[in-house]
Each structure stands twice: as structure tokens, then as C-alpha cells.
Amino acid sequence: MLTRPDVAVVGAGPVGLAIAWRCATRGLRVAVHDPAPGSGASRVAAGMLAPVAEAYFGERELTGLLTESAARWPGFAAELAEATGTEFGYRTDGTLVVGLTGDDLAEARRLWSYQQGLGLPISALRPSQLREREPALTPRLRGGAVAPGDHQVDPRRLVDALRTAAVRAGATLLPGAVTRLAEVDAPVVVVAAGCGTAALTGLPVRPVKGQVLRLRAPDHRPPGFRHVIRGHADGEPVYLVPRADGEVVLGATVEERADTEVTAGAVLRLLRAAVDLVPELAEYALTEATAGLRPGTPDNAPILGPLPDRPGVLAATGHHRHGIVLTPVTADLITDLIVTGRPDPLLTPYTADRFH
């Protein structure tokens, strides 16, 4: 018979599993409820750890949290690798931000000027400098920049590693679906259920659809470029994330809808923009086209910490497009809150009561 856990985590994506791992290593009995671990937004995510390139106008506070979590990623990755003996695609090659046309470059320059104004590490490069770093880029580029601290990880392999680490630390994975929090018997319940959070808690978490493609380099060789490439091609935004095993992830649409259909128009736009930036991709195999649902909130920032009038219930959800980069800081903040009972000041802007 299963001993009553100290902590129950609802949701076994990267955030939920990281919280379970951290709590278990602190000596707590942990149960994780999810019928299909890693089947949510992380299954489709590209895994960019991009506090600089993802810093957008009007999100200064969120940018601070992204930067804090990115700074924790090297230690988090080293700990996870030691705990599991596995490799999960953590790479530190950096990110190139590029513009194909003059208008594309003007748009990119406007954003990275804002990012530089925040003191973030991003530096402009001439077209020749970009192609010195990545000869596979089209010679038609008008310019770009480099964000050396924006890294990447493979989310699918990350989920596998976190699941292994949590179980080895003593957490129990339970395959049943949770439809009501009243079904969960634990003094502390952490809701890390992504888009499923709304039905369980009433929090304003909405689905934001994203369509993503996966390509494969010929003969399974490594892709012809090593940096993550983010750019605009004739106004179409796209990112290209190379993996050592020959995979390249292309994404992603941002659609305010809740279906997971892959559409011909999205595939066409993503492929056209990607090939415009890196022409050799036209010869890669198209191996997968998928759509997933990001958990968005009204202000696009996560919901972290206690729920008002719900004693013992904590939220760790609503990460939108930042779930992978925010995994370490979310796990640390929620685990420390559970263990000590004291909320870290970093949680203050992200509590659920900001929507009441």
C-alpha cells in the first residue's frame, strides 16, 4: 500500500518532474500524477534557453526571471547528468538573430536595441561576420546579432532524464488522471498541469497553439550549422534549432486556438522562411509535423505559489513559451517554499492573486 505522500505533483512535464525530483532529494515523500508524462507542451517544444532573444517589450520583470533561471541551467544540467548518467542535449553554442531583408533587419534591430538597453548580452554582427560563424547561412542576409548566453536543450530527452532522476530520488509516478483536486490525498498539492490547470483550479490559463516541424540531415550527419538561429525572412519569424544527432527543429506558430491540427499553410510558411535563411535545409528530410498547446496567462507570465483560499495547493503553471528555460528556477522556488514555508521574493510578481 502506498504511504501517504508529503507532496503530490499533478503533471509530469519538465516543471512537475523537476519539482518532484527536488522535493524527493530534500527527503519528502512525493507522488506524481500523470497518465502520460511528457505528452504536453514539452513534447513539441524546441528547448531554447533564451533569456536574451526572448526578452520582449513590456516584459521587463519576466526577463529578470528568465535571466535568473538561465543562470541556474549549467548547475541544474550538471546535477541532472550526474543523477542519471544520461545526456539530454544541453548545448552552449549560443544563438544568432538574423534578418533577411532590410525590413527584417530593422525589426530585429529595434528589439535587440531594447535588449541591450536592459544590459543583456547581445552584439550586432555584419553579414560577413554571421557567415564566418555559420557558412550555411544565405549570403542574402542583411545582418544580425549574436546572443552567446542563449543555449538549448532537448525537451523530450530532458523529460526522460527528469523522470529517471525523480524516481531514483524516491518519487512515485502514478498513471491515473486527476480530474478533481479533491481526489488527491496529500498535505501539499502542486498543480503543474499546463493547460489542464484551468479545469482543476479555475486559474486563467489558456491554450496557445504552436505548430513545429522536425527535419533530418542527410545520412543522419550533424546539421550544417551549430548555433540556434532565430530570424525573420520577408516578415515571417522562424527559429532553427540543430541537434547533434542530425535533427533540426523549426518553429513555431503562435495561434490563439485550442486545436492541435497541423495546417498546410503553417508548414509552408515555416519551411519557406527556414530555407530562405539556411538554403541547405531544402535537402533535409521532413520527419515530423506536430502541434501543441502552450499554457498562456493574461500577462504571459507564469503562475507560481499558493492559491488564494486553497490551503495546501500551489501552482507551478502558465509558463507559455518559457517552460523549459524556467524549469530550474520554478523547481527551486516551489521546493524551497514547501520545505521552509517561506516564499522567496522572486515569487512575488507571479502569485495567483494578481488576477483577483
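**Labels and their cut-offs**

Student: What makes the charged end of R22 count as sitting over the ring of W21?

Tutor: The charged end of R22 is 4.7 Å from the centre of the W21 ring, and it sits over that ring. The label needs NZ of Lys or CZ of Arg within 6 Å of the ring centre and within 35 degrees of the ring normal. Bear in mind that this is a predicted model, where local features need pLDDT of at least 70, side-chain atom pairs count only at pLDDT 80 or more, and totals for chains, interfaces and linings use all residues. Residues are numbered from 1 along each chain as its sequence is written, and side-chain values use heavy atoms, with hydrogens and water left out.

Student: How many aromatic pairs turn up, and why is W21 with F76 called edge-to-face?

Tutor: Four pairs come out of a search of the whole structure. For W21 and F76, the ring centres are 5.7 Å apart and the planes meet at 65°, so edge-to-face is the name. (Rings of Phe, Tyr and Trp, using its six-membered ring, pair with centres within 6.5 Å; planes under 30 degrees apart are stacked, over 60 edge-to-face, the rest tilted.) This pair joins distant parts of the chain, as W21 is in helix α1 (residues 14–25) and F76 in helix α2, 55 residues apart. (Helices are DSSP runs of H or I with at least four residues, strands are runs of E with at least two, and both are numbered from the N terminus.)

Student: How do you know whether W21 is buried or exposed?

Tutor: Its relative accessible area is 4%, so W21 is buried. (Buried is under 20%, exposed over 50%, partly exposed in between, with a 1.4 Å probe and protein chains only.) F76 has 2%, so it is buried as well.

Student: Why do W73 and F76 get their pair type?

Tutor: Their centres are 5.1 Å apart and their planes at 75°, so that pair is edge-to-face. W73 and F76 both lie in helix α2, three residues apart, about one turn of the helix. Ring pairs tie W21, W73, F76 and Y90 into a cluster.

Student: What angle do the axes of α2 and α8 make?

Tutor: Roughly 90°, and the axes of α2 (residues 60–84) and α8 (residues 327–340) come within 7 Å. That makes α2 roughly perpendicular to α8. (Under 35 degrees is roughly parallel, over 145 roughly antiparallel, 65 to 115 roughly perpendicular, the rest oblique.) L65, E68, S69, R72, W73 and F76 of α2 meet T327, P328, V329 and D332 of α8. (Contact means heavy atoms within 4.5 Å.)

Student: Why is E59 called buried?

Tutor: E59 has a relative accessible area of 13%, so it falls in the buried class. E59 lies in the loop between β3 (48–49) and α2. Leaving out residues up to four places away in sequence, E59 touches E54, Y114, N300, R321 and H322.

Student: And what makes D219 and D234 exposed?

Tutor: D219 has a relative accessible area of 74%, and D234 has 58% relative accessibility, so it counts as exposed. Phi is positive in these residues, near 60° for D219 and near 55° for D234. Most residues other than glycine have a negative phi.

Methods
Axes fitted to C-alpha atoms, helices over the stretch in contact; angles between N-to-C directions.
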